[in-house]
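Here are my notes on the model you passed along.

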Amino acid sequence: MRQKLVKWLLIVLGTAFLGVMLVLPLATVLVYALRQGWETFSQAIAEEYAIKALNLTLLATFITVIVNTTFGVFAAWAISKFQFRGKQVLTALIDIPFSISPIIAGLVFILVFGRIGWAYPLLEAWNIKIVFALPGIVLATIFVTFPFVSRELIPLMEAQGSDEEEAAALMGAKGLLIFRKVTLPHIKWGLLYGVILCTARALGEFGAVSVVSGHLRGQTNTLPLHVEILFNEFKLTAAFAVSSILVLIAVIILILRNIVEYRVKREER
Amino acid sequence: MFSLKMHFKKQNNSVIPGFGLSMGITVTMLSLIVLIPLFSVFLILSDSTFREFWQVVTDKQTIAAYKVSLSCSAIAAVINVVFGILLAWILTRYKFPLRRVLDGLIELPFALPTAVAGIALTTLYSGEGWIGGLFAKAGIEISYTRIGITIAMIFIGIPFVVRSIQPVLEKLDPQYEEAASALGASRSRIFFKVVLPEILPAALAGFGLAFARSMGEYGSVVFIAGNIPYETQIVPLIIMNKLEQFNYPAATSIALVMVLFAFVLLFIINLIQAQINKIARG
């Protein structure tokens, strides 16, 4: 009897904590977005700058995911299929972006490509713009989400060993064929999981992008930056309406993540 | 960077192809995107003397910001450890309706863009907000104070602690608890004497991860922090302010202090996690 009481007390306490800390903020976004009716909501979303910001965010996320997936697959292949000196150092170096504040992630690109950066004279000579332009936004986003894919793949590929790959190689298969036919089927869910996490983080990246973007409306404003501007201009309804697009994407990602995580657990077995 | 590449020399003669190619791509991309940009920090700082550096990083206002960031992150991480243990416990040990939903919700702070979380928390806890309004009646302000900063840091730290502890609890053999129970130990005694020592390293690692993330977090904290010097100015905000004044050496100096702090923290977390892995392997 007492055990049951404790059980339900703990469950209520935990649910209440998550309710207040996670569900209420989510509900705030949706209620404030719709509080002035459907028309205001759809106007805010269909506004020219909001759509431009959404397009920029999607483009930056797309490039980021391609780059980091490429890196993740090659890094996981090198680290999990071969023995070499300095492996642990390499793994630790890859994880660096995890421990660095997004503000600093943006700052380092200003220090390279900005007016005071050592690469600035070179860019000037070739008339290339990186900071306060799309390349800077993409670089900062790549930096922040750099280890996401490799981090999922390395433990998975290490756990699966390399016997099958060795067998395929001895039978004369080339690298790409081995990867596609032998490795990929075993890691496809883990890979997808890493890609989902990377997408989520890239879509919402704010601090790093905020430093390098320059906040030019309609040009270098991503969707999270657009939300910031609307909020600071006290356009609460519009800020939350635009946020609700990001919330919708976040919830879809969360559901996908849960489905894929279940598959990854089966893959590990 | 080429010396680095030479350093990674293959030791065995694996028959699997692609070592050179995959290693080359890995090291090149890592250098171009992470290592070389990070080294630029030292390049910029090499123009200033150590005295100038020291003056910036020990400036009164900066020290006050370290204190705000450290204290709020620490309090948030402690609260997260308590609720993290509770949540991991109910998610692994009990069956109840909504369990799967709660489990899936834990990752929300990862998936939700930080700026959205930031404006939602600020509105929710402001004087007109649902929760802030209740506290305003009692004369307590939350948004734009350190309490607000701490709440935002709790929000982003939740998944780190829960997801550190959950796998350890799942692996923990209930045999020991049953044995202790058979010997007549009470439920609370079993928890504190049998379960807690087992999950303590994982809880510590979760604490460290949540703490490190809170220190560096920008998006979800910046709106609810008032950016009042000496009061609610956190370290990332000071860096941002210096950047807006185009004072790059000062911004870089403070950034370097934060990076070093994060590395030390990460090193400690790695030591703890090595310990956990040892326990997990038995």
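1. What percentage of the 282 residues of chain B count as buried? The figure is 44% of them. Keep in mind that this is a predicted model. The C-alpha trace of chain B spans about 70 × 70 × 30 Å along its principal axes. As for how the chain comes back on itself, 77% of the contacts in chain B with a separation of 6 or more are between residues 24 or more positions apart.

2. A word on confidence. The model scores ipTM 0.90 and pTM 0.91. Chain B has a mean pLDDT of 89, with 94% of its residues at 70 or more. The stretch to watch is residues 1-6 of chain B, where pLDDT stays under 50 and the model has 4 contacts beyond four places in sequence. Where pLDDT is low, the predicted coordinates should not be read in detail.

3. Now the interface. On the chain A side 76 residues are in contact, and they meet 77 residues of chain B. Helix α1 (residues 2-34) of chain A gives the largest share of the chain A side, 17 residues. By residue class, the side of chain A that touches chain B comes out as 53 nonpolar, 15 polar and 8 charged.

4. Which residues touch the most other members of the largest nonpolar core? They are A:Leu107, A:Ala140, B:Val116 and B:Ile239, in a core of 162 residues. Helix α3 (residues 48-81) of chain A supplies the largest share of this core, 14 residues. The core lies between domain 1 (1-34) and domain 2 (38-268) of chain A, because both give residues to it. There is also a second, separate core of 6 residues, which includes A:Ala169, A:Ile178, A:Phe179 and B:Ile16.

5. B:Val116 deserves a click in the viewer. Leaving out residues up to four places away in sequence, B:Val116 touches A:Val29, A:Val227, A:Ser243, A:Leu246 and A:Val247.

6. On the domains of chain A: the assignment gives domain 1 (1-34) and domain 2 (38-268). Their centres, taken over C-alpha atoms, are separated by 31 Å. The contact between them takes 6 residues from domain 1 of chain A and 8 residues from domain 2 of chain A. On the domain 1 side, the residues that touch domain 2 divide into 6 nonpolar, no polar and no charged.

7. Two helices of chain A for the burial discussion. Helix α5 (residues 102-113) of chain A has 12 residues and reaches 17 Å from its first C-alpha to its last, close to the 16 Å expected at 1.5 Å a residue. In α5(A), 12 of its 12 residues are buried, among them A:Pro102, A:Gly106, A:Leu107 and A:Phe113. In helix α8 (residues 148-159) of chain A, the buried residues include A:Phe148, A:Ser150, A:Glu152 and A:Met157. Just after α8(A), A:Gly161 takes a positive phi of about 70°.

8. Is A:Leu248 buried or exposed? A:Leu248 is exposed, because 12 other C-beta atoms lie within 10 Å, and a residue with 12 or fewer counts as exposed. A:Leu248 sits in helix α13 (residues 236-268) of chain A. The C-alpha atoms of A:Leu248 and A:Leu18 are separated by 19 Å, with the two residues 230 apart along the chain.

9. Last, some backbone angles to check. Most residues other than glycine have a negative phi. A:Asn127 is not a glycine, yet has a positive phi of about 60°. A:Phe132, not a glycine either, has a positive phi of about 60°. A:Asn127 lies in the loop between α6 (120-126) and α7 (134-144) of chain A, and A:Phe132 is in the loop between α6 and α7 of chain A. As to surroundings, A:Asn127 counts as exposed, with 6 C-beta neighbours inside 10 Å, whereas A:Phe132 is partly exposed, with 18 other C-beta atoms within 10 Å.

Note on methods
Residues are numbered from 1 along each chain as its sequence is written. Chains are lettered from A and ligands numbered from 1 in the order in which they are written. This is a predicted model: local features need pLDDT of at least 70, side-chain atom pairs count only at pLDDT 80 or more; totals for chains, interfaces and linings use all residues. Two residues are in contact if their C-beta atoms, placed from the backbone, lie within 7 Å. Helices (H or I, at least four residues) and strands (E, at least two) are DSSP runs, numbered from the N terminus. Ala, Val, Leu, Ile, Met, Phe, Trp, Tyr, Cys and Pro count as nonpolar, Asp, Glu, Lys and Arg as charged, and the others, Gly among them, as polar. A nonpolar core is a set of buried Ala, Val, Leu, Ile, Met, Phe, Trp, Tyr and Cys residues joined through C-beta atoms within 7 Å. A residue is buried if 20 or more other C-beta atoms lie within 10 Å of its own, exposed if 12 or fewer, and partly exposed in between; C-beta atoms are placed from the backbone. Domain bounds come from an automatic or database domain assignment. The expected span of a helix is 1.5 Å times one less than its number of residues. pLDDT is the predictor's confidence in each residue, from 0 to 100.
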